[in-house]
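Some terms used for protein structures rest on cut-offs. The questions below ask how such terms apply here.

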Amino acid sequence: MRFETKAIHVGQDPDPSTGAVVVPIYQTSTYAQEDAGVHKGHEYTRTSNPTRDALQQCLAALEGGSFGLAFGSGLGAITTVLTMFAAGDHVICGDDVYGGTFRLFDKVFRHLGLEFTYVDTSKPEAVRAALRPRTKLVWMETPTNPLLKISDIAALAAITREAKILLAVDNTFMSPALQRPLELGADIVMHSTTKYIGGHSDVVGGFLAVSDPDLHTRLKFLQNAVGAVPGPFDSWLTLRGLKTLAVRIAAHERNATAIAAWLASHPEVEGVLHPSLASHPGHEIQKRQASGFGGVMSVRVRGGLEAARRVCRSTRFFFLAESLGGVESLIEHPAIMTHASIPPETRAALGITDNLIRLSVGIEHLDDLQEDLDRALRARP
Ligand SMILES: *Cc1c(COP(=O)(O)O)cnc(C)c1O
């Protein structure tokens, strides 16, 4: 079965009792048992729910994994992974990960005794150099957010395999339509399904895909024990979004590559960060490990903070909002919005400058999006 077919058929056979072609929303917390301990496979919805099962099977198949686990948010999924470890264990994390991931590691798990080292995962030697006897996990994103740095998943997997530790890849920016880290040697793939998977900016959710049965058993235990699970309706909305992932991603991809190339020569733009550009340092790795470049890009505008703020409030079709990956285009200012929790010195060292804006290019008509950006970039106070 090919990707587009899996998205519509895996885990989604017609309902055996009614023939409904859409998996129903099993909006129930519990399940009647015929006799004590005798049931039809479900006991309590935190543990399992048929709507959530369908989502888990389908998205795991799209990631090329054997098992999937759905969560109430991306951060719920990450939290559950981190509860595999004990105080004194060490985690190597990318230095340019999602702001909420950094906040969770630095403000929550560090206080519980886990130790973190932040490294530039686009340099595999830096990851190797950070290994310690109690290192248990490497956590990475590629492309990163908002600087769109590319890391070589297979090269990092070779290091973690040799060290007998886990490699987890946050695949939110690519989605399995463009990149499948398990096939490149990662042990855990994580998603904020809030973004491209759901795709319509109407539901928050998270996901983990794995292929190792023991790792699945451990994480499934923790999914139930920690309890950061999605409700049946949220699972259903996410599954509904997933069905059109391939066609949506193709449209995001067409618009984003055209806009990146056009912005790169725009007089009001200093630079564009998008892996589709041949000038991007990760361009070749991206072409090797993914089948596209994604719909998110960052742009350094001429004129500093004031100019960047003006562009953000002057667009009409690009809504000024956090998040990404929905059908509608979004624009945001990382230093003030999504990455405000990162200390200013760290932001400056990373390159999250005050003139940097991030675009999530939607699936509207390309000409409307270009006209909108052009008008906003040329707006004067
Ligand atoms: C949004 C996001 C998260 C967090 O997911 P939530 O669903 O908001 O909890 C994690 N990683 C990346 C790359 C994200 O974009």
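Q: Why is S201 called partly exposed?
A: Buried means under 20% relative accessible area, exposed over 50%, and partly exposed in between, with a 1.4 Å probe and protein chains only. S201 has 46% relative accessibility, so S201 counts as partly exposed. S201 is found in the loop between β6 and β7 (206-210). Helices (H or I, at least four residues) and strands (E, at least two) are DSSP runs, numbered from the N terminus.

Q: What kind of model is this, and how are the residues numbered?
A: This is a predicted model, in which local features need pLDDT of at least 70 and side-chain atom pairs count only at pLDDT 80 or more, while totals for chains, interfaces and linings use all residues. Residues are numbered from 1 along each chain as its sequence is written, and side-chain values use heavy atoms, with hydrogens and water left out.

Q: Why is S175 called buried?
A: S175 has 0% relative accessibility and therefore counts as buried. S175 lies in the loop between β5 (166-170) and β6 (188-192).

Q: How many disulfides does a search of the whole structure find?
A: The search finds 0 disulfides. The term asks for a pair of cysteine sulfur atoms within 2.5 Å.

Q: What makes C58 and C93 count as buried?
A: C58 is at 0% relative accessibility, so C58 counts as buried. C93 is also at 0%, and therefore C93 counts as buried.

Q: Why is T101 called buried, and what does T101 touch?
A: The relative accessible area of T101 is 0%, so T101 is buried. T101 is found in helix α4 (residues 99-109). Not counting residues up to four places away in sequence, T101 touches L75, I78, W139 and E141. Contact here means heavy atoms within 4.5 Å.

Q: Why does G295 count as buried?
A: G295 has a relative accessible area of 2%, so G295 is buried. G295 is placed in the loop between α10 (283-289) and β9 (296-301). Leaving aside neighbours within four places in sequence, G295 is in contact with Y196, H252, A256, L359, S360 and V361.

Q: Why is D152 buried, and which side chain does D152 join in a polar contact?
A: D152 has a relative accessible area of 16%, so D152 is buried. The side chains of D152 and R288 are joined by a polar contact of 2.8 Å. A polar contact is a pair of N or O atoms within 3.5 Å; within protein, one must be able to donate a hydrogen and the other to accept it, and residues adjacent in sequence count only if both atoms are side-chain atoms. D152 is found in the loop between β4 (135-141) and α6 (153-163). Not counting residues up to four places away in sequence, D152 touches I285, R288 and Q289.

Q: Which residues come nearest to the ligand?
A: Of the 14 residues around the ligand, G74, D170, S192, T194 and K195 come nearest. A residue is near a molecule or strand if one of its heavy atoms lies within 4 Å of it.
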